[in-house]
Amino acid sequence: MRFDPDYFEALETPRMARLAENVVAAAFPLMKLMPARFILDRAEASGEIKSNAHIVETTSGTFGMAVALLAAARGYRLTLVTASSLMDPKYQARLQRLGAEVIALDDPRGDGNQTGRLDNLGSILHREPETFWTRQYDSDGNWLAYARLADLFVRAMGQIDCLVGCIGTGGSLCGTGTFLRSVFPHLRIVAVDTHRSILFGQPLGKRTLRGLGNSVLPANVRHELIDEIHWVGAFPAFHAAHRLFRQHGIFMGPTSGAAALVGQWVAKTKPDARVAVIMPDEGHRHADTLYSDTWLASLPGWRTPASNAPTRLSRIEPRSEAAWTRFDWRRRSLDEVMRLQPTER
């Protein structure tokens, strides 16, 4: 191994930042390294993956960077399948510098083209059956890896009453929530999604806010764990990330902004509750977008004031990028909730 293993542990260890008297946030350098390393370690121990193996995954976010770092360190060949609308050239260049092959498929609708990505990945597996697929969407290694994060939260906070986190593959929120609820049965779990993500019943569409949400439904998203769902548009998430930097000196990306926004609101509405927040992404990848006034000014509607508090919904529906909405999920399955929705949507 050419990389110092302690370097990987440092990258997946969050700074525990106090955002308010009753709010502690886990601010990660590279959170997805936690499940990526867990999945590969387990596969190596079981013999499922051999030396010099070929690894594949579909990803547009930091899981790809995590696997690329590990593949480079351990001598694996890596292919990442993504959508052209999601992969900026600088990030792709970093992945390729680590030796990863990046296949960016056309995405004319701008919704992530998950179906095409999975079909492409399936073709690779058919041609090369010995290829190892990390399966971040449905591998139980994804959520099991977050036992460590649950332990870090307990050590930092003692009692925890509410857990807030973004949801995309379901691993971080559902995994951390599962372990924490085994210690704190009263734990309230609040999921943060974005408009036009299908995870909690919204119709599929183009999403400006990336790093959370999905256009397919991963097996690791366990709806029965969730008490409340918040859909945060891009603009409230961007503003919240800016505030994190100004007020706390924490340079994070937009999904972290969305999680902090909801976590701080929960803490204000429940001042006696101790709230844990998962902030998964640093801001460096977003220097030319989220932290660029020129890029922000190019977004239609950016000047529209963003929501400062969520609108409570009685039915599930998408809103604008300036909107922030919430819905009482009450630990129900997706099918159960959708059966109770009005028939005209």
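This report covers a helix pair, the nonpolar cores and the cysteines of a predicted model.

## Basis

Local features need pLDDT of at least 70 and side-chain atom pairs count only at pLDDT 80 or more, while totals for chains, interfaces and linings use all residues. Residues are numbered from 1 along each chain as its sequence is written, and side-chain values use heavy atoms, without hydrogens and water.

## Helices 9 and 10

Helix 9 (residues 234-248) packs against helix 10 (residues 254-269) at an angle of about 85°, and their axes are 7 Å apart. The two helices are therefore roughly perpendicular (65 to 115 degrees). Helices are DSSP runs of H or I with at least four residues, and strands are runs of E with at least two, numbered from the N terminus. Axes are lines fitted to C-alpha atoms over the stretch in contact, with angles from 0 to 180 degrees between N-to-C directions.

## Nonpolar cores

A nonpolar core is a set of buried Ala, Val, Leu, Ile, Met, Phe, Trp, Tyr and Cys residues joined through side-chain atoms within 4.5 Å; buried means under 20% relative accessible area (1.4 Å probe, protein chains only). The largest core has 41 residues, and V164, F238, V275 and M279 have the most contacts inside it. Helix 10 gives the largest share of this core, eight residues.

Another core, of 36 residues, lies apart from it and includes V24, M157, L225 and I316.

## Cysteines

The count of disulfides (cysteine sulfur atoms within 2.5 Å) is zero. For C162, the nearest cysteine sulfur is that of C166, 13 Å away. C162 counts as buried because its relative accessibility is 2%.

Technical notes. Parallel < 35°, antiparallel > 145°, perpendicular 65-115°, else oblique. Buried < 20%, exposed > 50% of the residue type's maximum accessible area, 1.4 Å probe, protein only.
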